Amino acid sequence: MPSMPQPAQPDHNTSATDEVILGVDTHKDIHVAAVITAVGAVTASRSFPTTMAGYQQLLAWARSFGTLRRAGVECTGSYGAALTRHLQAAGITVIEVNQPDKATHRRRGKTDTIDAQAAARAVLSGRATATAKTGDGPVEMLRMFKLAKSSASKSPTQAINHSRPSWWPPTRRCVRRCRA
């Protein structure tokens, strides 16, 4: 008796179903992180210290919920710069997220957890699309050259000021200018 052909099993993309998105509200001493699923459901939120150990804990915590490929981070140029570099080194696409506007704060309230969730949702919806700065391109190189130049131009004056004792009389030219 011939057997009936079995219908093929549907090909489910498991990587899309277990993908999570990280949102981070950055501060000076702590970062508040929230993880949402690919359909927008909040999985968890937690705060982490702004240290290298804290960044490693944050990344391990977020990856424990599923596949992490994208993260929305506020203030990637200031408070979130070190976290951004850490996430990018781990192969995660970091997207710059603007802080929520005042109307959203009035509607939903203002807490760090809500801001972190809003950052993740901005990435999920596609509202936030700006890729965070890497800090190693031509702009960063130009900034370093400018910093070195300004430091070099200040150093002769600082050297003269530090080489004389505080009781040393001012130069003759300075005495004339000060009296005039």
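Biologist: Why is His86 called buried?

Modeller: His86 has a relative accessible area of 17%, and buried means under 20%, exposed over 50% and partly exposed in between, with a 1.4 Å probe and protein chains only; His86 is therefore buried. The model is predicted: local features need pLDDT of at least 70, side-chain atom pairs count only at pLDDT 80 or more, and totals for chains, interfaces and linings use all residues. Residues are numbered from 1 along each chain as its sequence is written, and side-chain values use heavy atoms, leaving out hydrogens and water.

Biologist: Which residues does His86 touch, not counting residues up to four places away in sequence?

Modeller: They are Met52, Tyr55, Gln56 and Leu59, where contact means heavy atoms within 4.5 Å.

Biologist: What makes the pair of Trp61 and Phe65 edge-to-face?

Modeller: Rings of Phe, Tyr and Trp (its six-membered ring) pair if their centres lie within 6.5 Å; planes under 30 degrees apart count as stacked, over 60 as edge-to-face and the rest as tilted. Here the centres are 5.3 Å apart and the planes stand at 85°, so the pair of Trp61 and Phe65 is edge-to-face. Together with Phe48, these two residues form one aromatic cluster.

Biologist: How do you know whether Trp61 is buried or exposed?

Modeller: Its relative accessible area is 11%, so Trp61 is buried.

Biologist: Why is Phe65 called partly exposed?

Modeller: The relative accessibility of Phe65 is 30%, and Phe65 therefore counts as partly exposed.
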